[in-house]
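Student: Please take a close look at the salt bridges and then at the contacts between aromatic rings. I would like the cut-offs stated along the way.

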Amino acid sequence: MAIAKAERLMNLALCLLGTRRPLSKRELRDSIEAYVEAFGPGNGATGSDDSFNRMFERDKDDLRELGLVIETVENLDGEVGYLARRDSNRLPAITLDAEEAAALGLAAKVWQQARLAGAASGALQKLRAAGLPEDVDPYGSHGALEPRIPVHEAAFEPLMLACRDRRPVAFDYRKATAAHPEQRHVEPWALECWRGHWYLAGWDRDRGAERVFRLSRITGKVRSRSGRYTAPVPDVVTVRETVASWAGEVADRSARIRLRAGSGYPLRAKATSVRELGDGWDELEIPYGHGLDAWLVEFGPDVVVLEPAELRADVVDRLRAVAKG
């Protein structure tokens, strides 16, 4: 059915583009095989005329939505005709300088490893068809940097579409300190990549508050839910700032930890000082902010919190919760 409709729309578009004078509905009905097969010639029964008129109006609206400029012209006898002038449906030549082409290539390369690679490639092919010079290579090398946005999580694509369509979702989510996942009902707002990990920001219906979820901790399939959003979507969604605060990026004090030698490189990158203790351990001073305890738990036995005492207690409590399952 989809192929038949596409063929019918293509034939209608070719008729409207190929004519030098406006064509009436009757002439279009008699000229396009799909209309003749479905409704017969233009002097058919009233019922078939009504059915044809409804299909023709839908087809005309579909072509206009695809970008075809269709004119409606009334002749001296009051009969309405249709045509699509070539000069009204011809795009101007696209000219890009070297910097603009480089920017397009950079954007396309970013998504080469993601599910959007096909869309990026298709966009460049359309630019070629519209007049992008052959000597301009958007995929060409323009520097030493080769940007990539890795997307390995199966949840990325359904969540991206849900954010675009403003569609609530449900998924099973396992927190860093939990042994088993629990179901979440979320109104997704935005996706953002931060330090190699993808995060979703949205409204958690179960908790009645804004939450940020790491996609790698989503288990199973993302399931769509019917209905509209119940919470307003903010103009600016600060995914990165929220995650940074949870990871201890926003800090006004310091913590001292022992870290096993040769491990915990993200912690070492954040450290303001590092001192070798011997016996395979180092002592680090790192910024201490909200959520640091959850991050330290991820390093397991490679990290021992020395101070402050409340941070040490929080980490021990989280480890015990994980051990209990």
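Tutor: A residue is called buried when its relative accessible area is under 20%, exposed when that area is over 50%, and partly exposed in between, with a 1.4 Å probe and protein chains only. By that scale Arg85, at 37% relative accessibility, counts as partly exposed, and Glu71, at 23%, is likewise partly exposed.

The model is a predicted one, in which local features need pLDDT of at least 70 and side-chain atom pairs count only at pLDDT 80 or more, while totals for chains, interfaces and linings use all residues. Residues are numbered from 1 along each chain as its sequence is written, and side-chain values use heavy atoms, with hydrogens and water left out.

Side chains of opposite charge can pair when their charged atoms come close. The structure holds 23 salt bridges, a term that requires a side-chain nitrogen of Lys or Arg within 4 Å of a carboxyl oxygen of Asp or Glu. In one of them Glu71 is joined to Arg85, with 3.0 Å between the closest N and O atoms. This pair links distant parts of the chain, Glu71 belonging to strand S1 (residues 71–74) and Arg85 to the loop between strand S2 (80–83) and helix H5 (98–110), 14 residues apart. Such helices (H or I, at least four residues) and strands (E, at least two) are DSSP runs, numbered from the N terminus.

Another salt bridge joins Asp172 and Arg223, whose closest N and O atoms are 3.8 Å apart. Here strand S3, which holds Asp172, is linked to strand S7 (residues 218–224), which holds Arg223, and the two residues are 51 positions apart. Asp172 is partly exposed at 25% relative accessibility, and Arg223 is partly exposed with a relative accessible area of 25%.

A further salt bridge, at 3.1 Å from N to O, brings together the side chains of Arg253 and Glu310. Arg253 lies in strand S8 (residues 251–260) and Glu310 in helix H11 (residues 309–324), 57 residues apart, and this pair also links distant parts of the chain. Salt bridges that share partners, moreover, join Glu182, Arg184, Asp204 and Arg207 into one network.

Turning to the rings, a search of the whole structure finds 9 aromatic pairs. Rings of Phe, Tyr and Trp (its six-membered ring) pair if their centres lie within 6.5 Å; planes under 30 degrees apart count as stacked, over 60 as edge-to-face and the rest as tilted. Tyr35 and Phe52 form an edge-to-face pair, with 5.1 Å from centre to centre and 80° between the planes. Since Tyr35 lies in helix H3 (residues 33–39) and Phe52 in helix H4 (residues 46–65), the pair ties together parts that are 17 residues apart in sequence. Both Tyr35 and Phe52 are buried.

The ring centres of Tyr173 and Phe213 are 5.1 Å apart with the planes at 85°, so this pair is edge-to-face. Tyr173 is in strand S3 (residues 169–173) and Phe213 in strand S6 (residues 209–214), so parts 40 residues apart in sequence are tied together. Tyr173 counts as buried at 6% relative accessibility, as does Phe213 at 1%.
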